[in-house]
Amino acid sequence: MKRNIPFSQKLFWSIFFIFLGFTGCFFIFQYQREAEFAQEKLDTVLKTYNHQLHYRLLHDTTHQVDSIVKNFLDEIPNKDIRVTIIDPSGNVLFDNSAGVDDLPNHNDREEVQKARKMEKRSFAIRLSETTGIRYFYSASNINSYIYRTALPYDPDTKGILAINIDFIYFMAIMVAIFILVLSRYSRRIGQTIAKLRDFARNIRDVKQDDKEYVFPNDELGEISKQIITLYHKQQKAKDDLAVEREKLIKHFQYSREGFAMFTDSGQEILSNILYIQFANLIADEDIHAAEEVIELPELAPIRKFLEQQGNSSRTRVLRETVTVDKAGKIFLVECMLFLNNSYEISINDISRQEEESRMKRQLTQNVAHELKTPVSSIQGYLETIISNPDLPADKRAFFLERCYAQSTRLTGLLQDISVLNRLEEAGDLFDLTEVDLTKLITDISRECEQRMKAKNISCRLRLPQSLPIHGNNSLLYSIFRNLFDNSIAYGGEGITITVNCYKQDEKFYYFNFSDNGVGIEEKHINRIFERFYRVDTGRSRKLGGTGLGLSIVKNAVIFHKGQISAKSIIGKGVNFLFTLHK
């Protein structure tokens, strides 16, 4: 496996080799410069000798060149200097190391050529063709005559040309200092980067990072602190946003209006329970997905609005509303189209507030009326018995049985009122346990089997093998038992009762309890959950109902964080659509 080299080491070695290269180049340059400086220094000395010889020969009247050169060499410290004088044609006029007649033309010598060209550096280090000795030559062009002096390239001359190596020690010290400083700062940078790397890994691995990171007091440390501070601020903002988002989702889920959000392509983003519930009340067939709602004929104006405005450019949010009167309810459907072509649809039951107000006004009257009937009956029968002491035994028994029946009805009525009051005022007093709805509904259908058989009623249960729910067994029993009793009592003969759990998600079960009986008129359907409301008052009293069964059903559904609605078509039966929280 390839080993990753830490950034601090990469930085150290990169800068080190760059500095080493720069130092090497500087060393070579300085070395050559020092060597040239030593050569130029010796060249300057020899050129001074050349000019002094020229001066002496110019003012000498004896014309004894050997004598003049010999005297000159006696006066200078370098006794072994070779002196050569060359005329403009390159012929050697004088050479104290060899005979003039044996010497060839010297214009091809390197130092002579440079002097002829009047170059500043007219010196050379080479092997003499005449003597076979290596010399340091220095030539001067004076009036087209070349005066050349040369020193044997021996240890003494090499010592004169030796460079000053003090700068090498200085550079070595500077390199050592640079390495120490670079090592220190690269280590500090490496430590800072390592801390940032650990911080980034913790974030990547979704670990809670509350570690206190200590950074150096420099620009990189300040930047690192700012990065971590900004992250924590962003994380806090993200957490706060998640909380607010959860609040918003909860608000939508438990809102009293159906709500759904969609992408520009019509895909569901979010929807609450009531959206599907209200849509099923409007629709003639079951709606299973939020995307299906827009296809309802009743929402054709909304669909046309989206088709027309979806591809147009705009600078503001557009709104379209439509009112739907269906299933005894009035729904206000509103669509808002945003700038990015995403949209939201809300379905609001605008008849609910009026219904609740009317229910409250009638509640006291209904309770008094419902209690008055059995009490009056009991009182009438007892008065007859008391006022007729000679009443035959069979008549007396008949009246007492009627009193008992009315008292039983009164007890059931009071029990139902008590259940409703507990649901509304002290719902937390109901115990919650694990209940299997499939088993519960199956047991209820068996309990009602004799009554259904007497009226030739069949039952179809479309349920999964198990429907576990965390709820109150008694209230869940009341929901389905009251619905069964209601269909058996009022649906008619030869009908079919269907209990269908048509959908379930992570939180809710979706039920459709229906029969294909006589149905309920649309004017009554939105009031059947009211306390004491009866579609046929005389028939209901004759069958012994208290008028509170469906009210208990509704409140028990609400207790289990669900919603319930009903729709009906005369001659085709009643559909109860409700949800129960798991």
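Q30 is buried, at a relative accessible area of 11% (buried means under 20% relative accessible area, exposed over 50%, and partly exposed in between, with a 1.4 Å probe and protein chains only). This residue belongs to helix α1 (helices are DSSP runs of H or I with at least four residues, strands are runs of E with at least two, and both are numbered from the N terminus). Q30 and I168 are 138 residues apart in sequence, yet their C-alpha atoms are 9.2 Å apart in space.

The model is predicted, so local features need pLDDT of at least 70 and side-chain atom pairs count only at pLDDT 80 or more, while totals for chains, interfaces and linings use all residues. Residues are numbered from 1 along each chain as its sequence is written, and side-chain values use heavy atoms, with hydrogens and water left out.

### Salt bridges

The structure holds 19 salt bridges (a side-chain nitrogen of Lys or Arg within 4 Å of a carboxyl oxygen of Asp or Glu).

E36 lies in helix α1 (residues 7-59) and R121 in the loop between α3 (110-116) and β3 (123-127), so the pair ties together parts that are 85 residues apart in sequence. E36 is partly exposed, with a relative accessible area of 33%, and R121 is also partly exposed, with 37%.

R319 is in strand β8 (residues 318-326) and E334 in strand β9 (residues 329-337), so parts 15 residues apart in sequence are tied together. E334 counts as partly exposed, at 22% relative accessibility. Elsewhere, salt bridges that share partners join E447, R451, R481 and D485 into one network.

### Packing of α13 and α16

Helix α13 (residues 473-490) packs against helix α16 (residues 549-559) at an angle of about 145 degrees, with the axes 9 Å apart. Axes are lines fitted to C-alpha atoms, for helices over the stretch in contact, and angles run from 0 to 180 degrees between N-to-C directions. The crossing of α13 past α16 is left-handed (the near helix is turned anticlockwise from the far one by less than a right angle).

On the α13 side the contact is made by L475, S478, I479, N482, L483 and N486, and on the α16 side by G549, L550, I552, V553, A556, V557 and F559 (contact means heavy atoms within 4.5 Å). These residues divide into 9 nonpolar, 4 polar and no charged; Ala, Val, Leu, Ile, Met, Phe, Trp, Tyr, Cys and Pro count as nonpolar, Asp, Glu, Lys and Arg as charged, and the others, Gly among them, as polar.

The buried residues of α16 are L550, S551, I552, V553, N555, A556 and V557. Just after α16, K561 takes a positive phi of about 60 degrees.

### Surroundings of Y275

Y275 lies in helix α7 (residues 273-282) and is buried at 0% relative accessibility. Not counting residues up to four places away in sequence, Y275 touches G258, F259, A260, F262, A290, V293, I345 and I347. Y275 and R256 are 19 residues apart in sequence and 9.8 Å apart in space, C-alpha to C-alpha.
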